[in-house]
Amino acid sequence: MHYETAPAKINLTLDTLFKREDNYHEVSMVMTTVDLNDQLSFEKRSDDQIIIETENQYVPNDRKNLAYQAAALMMKTYDIRTGVNIVIDKNIPIAAGLAGGSSDAAATFRGMNKLYGLERPLDELADLSAELGSDIPFCVYGRTALCTGRGEEVKLLPKPTNAWVILAKPSIGVSTKTIYSHLEPGKHEPASEKVVEAALAGDYDGVIRHMKNDLEEVTARHYPEVKKLIQNMEASGADKAMMSGSGPTVFGLVQKERQAIHVYNSMRGCCNEVYRVRLLG
Ligand SMILES: C[C@](O)(CO)[C@H](O)COP(=O)(O)OP(=O)(O)OC[C@H]1O[C@@H](n2ccc(N)nc2=O)[C@H](O)[C@@H]1O
Ligand SMILES: Nc1ncnc2c1ncn2[C@@H]1O[C@H](COP(=O)(O)OP(=O)(O)OP(=O)(O)O)[C@@H](O)[C@H]1O
């Protein structure tokens, strides 16, 4: 039996540069992880099946599950003949912009690597994982990184800052594909370079001053509650609030625990699903 932790990610930036010929968007993003985790266990089987178990009725337990796809790709690539039981204890909200499915897939690449004693380096697993989704290579490392290309080119960065993160998820799910399809890329000034610079200098004020997500206005146009949550979070004391990924989850950063408790309590008044966690990075 082997266990892996799969943390949620947040975007400190999401610059959309242009639409590519393969219909993906060229992006530049600073992403980091937060202490809100799915837990996965991996156990070898004697036959060649991949069995996914989860108590969450909204998570697929067949080949649609990204963890299933990751296990199948590991078996094919490394000629593994026996299957695996994967139990997913789901805590990351689904279709939330927090890369929950991608992080479960990434944990499966790491988990199968250990379970079968393959000792493949993370770089190799990350390259392989790009086949299944743009966010998965980042999640394989699970730290802080500048991600370019369609998101799969990962350059690791040091932890940007110590901070508390308050997450508020409206009770809607958002399709990443739909949000990208309504985007006009290249409309905004890119922010990632400035956030990287501030993060490297350990400059918290610089990080929050430059944080920005180009998808925010697209999602907020369709779901006005996103804008409202951002305004409420900043009014209740967050140093900066913005949307993660394609949304709809909004997160706020604060430095002091007392301030974090205050923002958390205020947000619970206007949103059912609120979390107060540490930035992991
Ligand atoms: C919004 C983010 O989560 C931010 O990290 C990612 O850009 C999306 O990553 P993801 O969920 O792993 O996305 P994928 O599964 O690779 O792609 C889902 C769909 O989103 C769109 N997509 C995704 C990534 C990208 N750079 N450009 C795109 O246009 C494409 O229509 C694609 O069919
Ligand atoms: N392990 C998994 N956990 C959750 N959803 C999964 C998983 N595998 C596949 N899915 C499917 O993926 C869809 C999107 O789920 P997910 O929680 O990964 O979205 P997300 O957080 O918005 O992702 P991203 O931020 O990468 O765009 C779900 O509706 C679900 O059907």
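These legends describe close-up views of a predicted model. Residues count from 1 along each chain as its sequence is written, while chains are lettered from A and ligands numbered from 1 in the order in which they are written. In this predicted model, local features need pLDDT of at least 70 and side-chain atom pairs count only at pLDDT 80 or more, but totals for chains, interfaces and linings use all residues.

**View 1. The two domains.** The protein chain is divided into domain 1 (2-157) and domain 2 (164-278). These bounds come from an automatic or database domain assignment. The C-alpha centres of the two domains lie 23 Å apart. Across the boundary, 26 residues of domain 1 are in contact with 33 residues of domain 2. Contact means that the C-beta atoms of two residues, placed from the backbone, lie within 7 Å. On the domain 1 side, strand E1 (2-11), strand E2 (13-19) and E3 each supply at least two of the touching residues. Helices (H or I, at least four residues) and strands (E, at least two) are DSSP runs, numbered from the N terminus. By class, this side of domain 1 has 17 nonpolar, 6 polar and 3 charged residues. Nonpolar covers Ala, Val, Leu, Ile, Met, Phe, Trp, Tyr, Cys and Pro; charged covers Asp, Glu, Lys and Arg; the others, Gly among them, are polar.

**View 2. The surroundings of ligand 1.** Ligand 1 lies between domain 1 and domain 2, because both give residues to its shell. The shell holds 18 residues, and the closest are His25, Gly133, Ser134, Asp135 and Arg150. A residue belongs here if its C-beta atom, placed from the backbone, lies within 6 Å of the ligand. Strand E3 (25-44) and helix H5 (176-181) are the elements that give two or more residues. The shell divides into 6 nonpolar, 9 polar and 3 charged residues.

**View 3. The surroundings of ligand 2.** Here 21 residues surround the ligand; Ala99, Gly100, Gly101, Asp104 and Gly245 are the closest. Two or more residues come from each of helix H1 (66-77) and helix H2 (100-115). H2 gives the most, with 4 residues. By class there are 10 nonpolar, 8 polar and 3 charged residues. Domain 1 and domain 2 each supply at least three residues of this shell.

View 4. Four strands pair antiparallel in the order E10-E11-E8-E12. Two strands pair if DSSP finds at least two bridges between them. Strand E10 (240-243) and strand E12 (273-278) stand at the edges with a single partner each, so one side of each has no neighbour in the sheet. The twist averages 20° from one strand to the next. Between E10 and strand E11 (residues 250-254) there are 4 bridges. Met243 has Val250 in E11 as its bridge partner. Helix H10 (residues 257-268) packs on the sheet, touching strand E8 (164-169), E11 and E12, and its direction makes about 5° with that of E8. Axes are lines fitted to C-alpha atoms, for helices over the stretch in contact; angles run from 0 to 180 degrees between N-to-C directions.

View 5. Gly247 and Pro248 are joined by a cis peptide bond, with omega about 5°. Pro248 sits in the loop between E10 and E11. Ala99, not a glycine, has a positive phi of about 60°. Its loop runs between E5 and H2. Ala99 counts as buried because 30 C-beta neighbours lie inside 10 Å. Asp79, also not a glycine, has a positive phi of about 50°. Asp79 is in the loop between H1 and strand E5 (84-89). With 6 C-beta neighbours inside 10 Å, Asp79 counts as exposed. Buried means 20 or more other C-beta atoms within 10 Å of the residue's own, exposed 12 or fewer, and partly exposed in between, with C-beta atoms placed from the backbone.
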